[in-house]
Amino acid sequence: YINIPVLTSIVVYFLIAATLLSTFMFSRFWCRFCHTGISLAAANRFNAFKWAPLLRINKTEEKCTKCGICKRVCPVQVTEVYEQKGGEIKTSICLNCMRCVEMCPYESCLKMNLSGKTVFKSRNWLEPSKTE
């Protein structure tokens, strides 16, 4: 005879402990399974949704030097931005946090597009600004 409330409590405590333990092993572990991120990723995957005004990262191959900063600053370890040669970056776990675009040290190498229009682009932060 199994006591259902006790079994339910054990399962709940196990899931909480597993999630907490995973957060120490992987950065932003729960974000990899968020229903919002999964929905956005699914919409980004299908050509039928190309008309929808979704945020997309675009990479210019000629400007990328493969420095790896984009890969190191990503909170969910998306490697497609680094590995892909150029064009739109399509991945299911990207949170569109724009950390890679913000930290890219090369002018207009990475761009965040909303419905094909650039809303944010990388800038050359290796050289001193002209206002100083």
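# A Walk Through a Predicted Chain

Arg56 has its place in strand β1, which covers residues 55-59. Helices (H or I, at least four residues) and strands (E, at least two) are DSSP runs, numbered from the N terminus. The structure is a predicted model, in which local features need pLDDT of at least 70 and side-chain atom pairs count only at pLDDT 80 or more, whereas totals for chains, interfaces and linings use all residues. Residues are numbered from 1 along each chain as its sequence is written, and side-chain values use heavy atoms, with hydrogens and water left out.

The chain as a whole contains five helices and four strands. The chain has 132 residues, of which 26% count as buried. Here, buried means under 20% relative accessible area, exposed means over 50%, and partly exposed lies in between (1.4 Å probe, protein chains only). The accessible surface of the chain comes to about 9400 Å², and carbon and sulfur atoms account for 64% of that surface. Accessible areas come from the Shrake-Rupley method with a 1.4 Å probe; for residues, only the protein chains shown count as cover. Among contacts between residues at least 6 apart in sequence, 50% join residues at least 24 apart.

Arg56 counts as buried because its relative accessible area is 8%. Which residue forms a salt bridge with Arg56? The partner is Glu88, and the closest N and O atoms of the pair are 3.7 Å apart. This pair links distant parts of the chain, since Arg56 belongs to strand β1 and Glu88 to strand β2 (residues 87-89), 32 residues apart. A salt bridge is defined as a side-chain nitrogen of Lys or Arg within 4 Å of a carboxyl oxygen of Asp or Glu. Side chains of opposite charge can pair when their charged atoms come close. Glu88 is partly exposed, because its relative accessible area is 32%. A search of the whole structure finds one salt bridge. Arg56 also has a spatial relation to Lys90: the two are 34 residues apart along the chain, and their C-alpha atoms are separated by 7.8 Å.

Ile57 is likewise found in strand β1. With a relative accessibility of 3%, Ile57 counts as buried. Leaving aside neighbours within four places in sequence, Ile57 is in contact with Gly87, Glu88, Ile89, Cys94, Cys100, Val101, Leu110, Lys111 and Met112. Of the residues in this list, Cys100 is 43 residues from Ile57 in sequence, and the two are 9.3 Å apart in space, C-alpha to C-alpha.

The discussion now turns to the loops. Thr60 lies in the loop between β1 and α3. Setting aside neighbours within four places in sequence, Thr60 is in contact with Ser108 and Cys109. Thr60 and Ser108 are 48 residues apart along the chain, while their C-alpha atoms are separated by 7.6 Å. Ser108 itself is found in the loop between α5 and β3 (110-114). Is Ser108 buried or exposed? Ser108 is buried, because its relative accessible area is 8%. The phi of Ser108 is near 60°, a positive value in a residue other than glycine. Met98 also has a positive phi, of about 70°, although Met98 is not a glycine. Met98 has its place in the loop between β2 and α5 (99-103). At 28% relative accessibility, Met98 counts as partly exposed.

Finally, the surface carries patches, which are made of residues with over 30% relative accessible area and no salt bridge: like charges are joined within 9 Å, and nonpolar side chains (Val, Leu, Ile, Met, Phe, Trp, Tyr) within 5 Å. A nonpolar surface patch of about 500 Å² is made by Ile4, Leu7, Val11, Phe14 and Leu15. Leu15 lies in helix α1, which covers residues 4-25. A patch of positive charge gathers Lys66, Lys71, Arg72 and Lys85 on the surface. Lys and Arg count as positive and Asp and Glu as negative, while His and the chain ends are not counted. The place of a charge is taken as NZ of Lys, CZ of Arg, CG of Asp or CD of Glu. Arg72 has its place in helix α3 (residues 69-73). Arg72 is exposed, because its relative accessible area is 60%.

Notes:
Contact = heavy atoms within 4.5 Å.
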